[in-house]
Amino acid sequence: MNALIVFALSYAAMAAVSLSMERHQQQVAGRPFAGMALRLGGWVLLAVSLAPAIAAWGTSVGILAWLGFLTFAALATGLQMTYAPRPVRWTAPTVALLGAMAWMLA
Amino acid sequence: MRPDSKPEGIRQSMSWLHTWTGIVPGWLLYAVFFTGTLSYFLDEVNLWMKPELHASVPAADAARIAAVALAGMGKLAPDANSWTLELPNERQTTVSATWRDRNAPAGRAGTKRAELDAATGEKIDTRETRGGSFLYRFHFELHAMDRTTGRWIVGIATMFMFVAIISGVITHKKIFAEFFTFRPKKGQRSWLDAHNATAVLALPFHIMITFSGLLLLMATLMPWGADAAYDGNAQAYNMERRGMAPGGQGQGQGQGEQRNAGGREGREGGREGRGGRSRDGGGEAVDLAAAIGPMLAQARTEWKNGGSNHEVGRITVNRPNKPGATVELRAHGSDSLTTRGASARLVFDAATGKIKERPPLPTPSAASAFGNVFASAHMGRFAGPTVRWLLFLSGVVGTAMVATGLVLWVVKRAPERRKLGRTPFGHRLVEVTNTGVITGLALATGAYFWLNRLLPVELAERAAWEINGFFLAWLAALVHAALRPARAAWLEQCIAVAVMFVLLPVLNPLTGGHGLDRSIALGQAGIVGFDFAMLAIAALFGWIARHLIRKDRPLAKAAPGAAPAELTEVTP
């Protein structure tokens, strides 16, 4: 469960960061838009996703696990941007919401 | 290095550095990554390669397993000085027992070991195999050479890797802007994207694994500091580094030391606690099998109150069957990397069943803690399933990074080849070695697993023949790659690997192991995991083969191996 929460949050965070880049904005919206809020939000969410990792595995193991999840969250975002960029508009918020809810309930 | 002899920018010179520090030790690094990644599942590989152990199905109740195992030890080694039992867990079906006989020589040589059936306590005889330990050892000290030499070679390659990582980041400064970008079906561009993605996304892992690899080899590569300070006494250095006093008291983590200390306590305890009862009067030998249940329960409660849900992982009995015996229980798993996986311990008086000692966890110095974090992260010892899988998958990404880098070297030189109208020897050499190493090593590993089941159990030097088979298969893959055109060699070897691995879960029940139906039904996670990993490897190589077949059709007329050329910005 913890694994899913950390992964969900870091995936949403990576998706947000990617949407602050013009290349991916073109892919998803067809035009560039102001992405500073997405970039900041993405970085904050990345930092936030460290919290459930540390809660689950302790400080040292938690940081290690978090770094691992970041890798695969970024990989998932990259694959999505390659093969199915448009649905990111709803997959990322949905996954973030589910992750947050699971965290609250845990 | 520019042909037009203009001055080089930092990125061009870094590009040169990156290319050559990458390709020269690249094949070795690939082998190190490949076998190292498999080693995250060392226990599972060992379990699979000893199918005799599959028959051991532990009961759910740890107290019952421990009681049966202790009774078994009473028959197997009644006169031993100490017994150590590793209880079954999600990675192990049996009770692994080690013991030291009374007059056993010091160190590893004096340790005897056996695997006990978790349900009956009987010793299980297994086939002779090096199992996953061969792959594990190979990944940092190679094979068939002096240990130190092997470690030096791997250490030097690791340093190259470190340089390649740093120069790679500088060369491809665009990688951060293209963090989420992969452009498929674009030849060289795609290979570069794949290489960048695997390198950058897992950059924290790559830096950690390389740096910690160097730290772990530090004693071999740079022994001088410790030699000078400890007068060449490596043992004293190691003991102090682990926070132990040389005498063996203190918060010992080294097993030998720990047993010594325990033995001494035991003797003293026997003299005082028994009120002068003569020792050869037989003492009342404690019925450990009956006493262990309450001890396990106490330990669990104690750890739970301390805030962690650990089960007992290891039982050490000092002076079993003698007066003054002590029982040490150690938790399975730990909560911190800084102590290098040291886990909570409790020492019981066997006669009374009361807790005698609560040895504190070692508190490492800042330098040790730093080293321990990296060492633990590198080896993943004590890592739970989630972290272990993360490390394993990161290892897969790392292996792919090395492989894509090696392939990129060849792909990048395709235009040059076409211009020349022939293949320079060096290019062909790299191309052949790439195939022979990247798919060849997978073939060799597959052969190793097959031989493990096909060689007769009574064959003399069986373990050595499994390993010989590994190297013969690897050599055959290299020869095959040299004899066939590049694309055909890739395709044929990928198909061979896929077939070899997809059939391993079938071979398993035919040769004495538990097939997937039984291992799933019995909840033997280690065996199930191994079989699924083999299917995943088969799927991966099958997918590559399919990709190669599809690509062959439209490109049949183009020069083999020549992807559409697209010069990148980094090409000098």
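In the predicted model, B:Leu85 has B:Ala97 of strand E2(B) as its bridge partner. This pair belongs to the antiparallel pairing of strand E1 (residues 82–86) of chain B with strand E2 (residues 95–100) of chain B, which extends over five bridges. Two strands are taken to pair if DSSP finds at least two bridges between them; strands (E, at least two residues) and helices (H or I, at least four residues) are DSSP runs, numbered from the N terminus. The model is predicted, with local features requiring pLDDT of at least 70 and side-chain atom pairs counting only at pLDDT 80 or more, while totals for chains, interfaces and linings use all residues. Residues are numbered from 1 along each chain as its sequence is written, chains are lettered from A and ligands numbered from 1 in the order in which they are written, and side-chain values use heavy atoms, with hydrogens and water left out.

E1(B) and E2(B) are part of an open sheet of eight strands in chain B, arranged in the order E4-E3-E2-E1-E5-E6-E7-E8 with antiparallel pairing. Contact means heavy atoms within 4.5 Å. Axes are lines fitted to C-alpha atoms, for helices over the stretch in contact, and angles run from 0 to 180 degrees between N-to-C directions.

E2(B) pairs with E3(B) in the antiparallel sense over six bridges, and B:Ser96 has B:Glu115 in E3(B) as its bridge partner. E3(B) is in turn joined to E4(B) by two bridges, the two strands running antiparallel, with B:Leu116 opposite B:Lys123 in E4(B). Six residues lie between E3(B) and E4(B), which form a hairpin; in the turn, B:Gly121 has a positive phi of about 80 degrees.

Helix pairs were also examined in chain B. The axes of helix H15 (residues 385–412) and helix H17 (residues 425–454) of chain B come within 9 Å and cross at roughly 155 degrees. H15(B) and H17(B) are therefore roughly antiparallel to each other, the term applying to angles over 145 degrees, whereas angles under 35 count as roughly parallel, 65 to 115 as roughly perpendicular and the rest as oblique. Their contact involves B:Ala403, B:Leu406, B:Val407, B:Trp409 and B:Val410 of H15(B), together with B:His427, B:Val430, B:Glu431, B:Asn434 and B:Ile438 of H17(B). By class, this contact has seven nonpolar, two polar and one charged residues; Ala, Val, Leu, Ile, Met, Phe, Trp, Tyr, Cys and Pro count as nonpolar, Asp, Glu, Lys and Arg as charged, and the others, Gly among them, as polar.

The axes of helix H6 (residues 147–171) and helix H8 (residues 203–216) of chain B come within 9 Å and cross at roughly 150 degrees. H6(B) and H8(B) are therefore roughly antiparallel to each other. The residues of their contact divide into nine nonpolar, four polar and no charged.
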